[in-house]
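Here is a short report on one protein chain.

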Amino acid sequence: MFSHEQVVVRRGPESGLPIVVAVHSTAAGQAIGGCRMAVYPDWRDGLDDAIRLSAAMTDKCALAGLPNGGGKTVIAVPPGFTGDREPALRDAGVVIDELNGAYATGPDVGTGPDDMMTIGTRTRWVFCRPVEAGGSGDSSPATAAGTVAALRALCEVRFGSGDLSRRSFAVLGLGRVGGTVATLLAEAGARLVVADVDESRRALAEAIGARWVSPDDCRTAAVDVLVPAAMGGLLTPASVAALRCRAVAGPANNQLDAPGTAELLHRRGILWAPDPVVSAGGIIHATGVELRQLSEEAAMAEVAAIGDTLAAAETRVSPATIARDRAEAARGQVPTAQGQVSEG
Ligand code: PHE
């Protein structure tokens with residue numbers, strides 16, 4: 001089913017790179033979602049990613065109670081590309097600007113506040129410019145703080161205590177968000193195993209006293225909580241069968257390969273906190289500061305409330321069910337026959 005309002009694919013005139021801007025929904029308000037700049041074997045993989053990720057942003061906004069819909073930009077970098085990033089970012093800015101405010105972008109995998117300045121030379125529809133430039137700055141600290149609030153709530157429900165120092169975690173992915181989550185967990189006294197495909201992240205593991213393992217060993221580590229903080233699609237029927245953790249919660253987008261995989265986790269007795277709830281800290285902070293003029297403290301208090309959202313949901317039914325029902329209600333959609341959201 002094609003449920004997107006519009007998907008624009010353009011060869012950037014300056015960069016020659018494929019630029020995809022997907023607007024899933026503006027029913028609740030302006031569509032928001034980050035600009036991902038990543039290597040894709042084929043540009044069509046980037047198109048698929050934009051389609052999936054923008055639909056997930058609609059759920060994320062609805063679950064966070066924001067008056068926004070979902071969108072996403074993907075700059076599909078071909079393997080072996082050695083060109084500059086600025087021309088591609090300006091190309092993305094031009095496409096975004098042509099949508100006349102239907103969609104506003106922000107940072108995502110492969111982009112940060114400086115890149116928002118570059119996009120911002122072509123459009124005003126940009127969140128998270130550096131603080132010195134009048135923006136709300138990097139969104140990753142807020143996304144990480146929201147994730148840790150979610151982990152506390154999850155531990156409270158699953159293990160009867162939100163005390164992180166009593167728990168072990170496997171953090172898969174030490175990028176801007178995952179690296180900060182791991183650091184916060186280490187500061188809270190948790191036991192940690194960590195992994196990243198990028199060997200250079202090993203230095204962070206050493207600095208925070210975490211055990212560095214391979215991504216495969218991280219996924220199947222015998223820990224209390226697995227924290228997916230890398231790319232999506234981690235949870236499949238095969239990977240769920242191999243899990244040795246007791247709960248899963250992390251900031252990676254689109255963790256399930258298909259909605260039905262949540263049920264497989266449930267049957268294995270593994271509590272899963274839905275990623276659109278866990279990962280909403282960045283958009284809560286950015287829209288709070290930039291649109292609602294909240295102070296830094298007030299915005300971070302809203303980010304911390306992600307824990308309450310999860311805890312309240314869990315006392316009634318599984319968080320996956322709550323997330324789905326609330327997203328559907330906010331989107332004014334009727335559940336499908338299987339009771340599953342059909343996209344994202
Ligand atoms: N990449 C994040 C997201 O997609 C952060 C973001 C912040 C995006 C602000 C847009 C605006 O959720």
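## Fold and sheet

Of the contacts in the protein chain with a separation of 6 or more, 63% join residues 24 or more positions apart. The model is predicted. Its secondary structure comes to 14 helices and twelve strands.

Along the principal axes, the C-alpha atoms fill a box of roughly 55 × 45 × 40 Å. Buried residues make up 54% of the 344 residues.

Surface and charge values follow in the table.

| Property of the protein chain | Value |
|---|---|
| Accessible surface | about 14100 Å² |
| Share of that surface from carbon and sulfur atoms | 52% |
| Positive charges | 31 |
| Negative charges | 39 |
| Distance between the mean positions of the positive and negative charges | 4 Å |

Now the sheet. Six strands form an open sheet with parallel pairing. Their order is β9-β8-β7-β10-β11-β12. The edge strands are β9 (211-212) and β12 (271-272), and each pairs on one side only. Strands of a sheet pair through backbone hydrogen bonds, either parallel or antiparallel.

Strand β7 covers residues 168-172 and strand β8 covers residues 191-195. The two pair in the parallel sense over five bridges. F169 has L192 in β8 as its bridge partner.

Key:
Residues numbered from 1 in each chain as written. Predicted model: local features only at pLDDT ≥ 70, side-chain atom pairs only at ≥ 80, totals over all residues. Heavy atoms only, no water. Helix = DSSP H or I, 4+ residues; strand = E, 2+ residues; numbered from the N terminus. Buried < 20%, exposed > 50% of the residue type's maximum accessible area, 1.4 Å probe, protein only. Contact = heavy atoms within 4.5 Å. Areas by Shrake-Rupley, 256 points an atom, 1.4 Å probe, with all protein chains shown as cover. Lys, Arg positive; Asp, Glu negative; His and termini not counted. Charge placed at Lys NZ, Arg CZ, Asp CG, Glu CD. Pairing = 2+ DSSP bridges.
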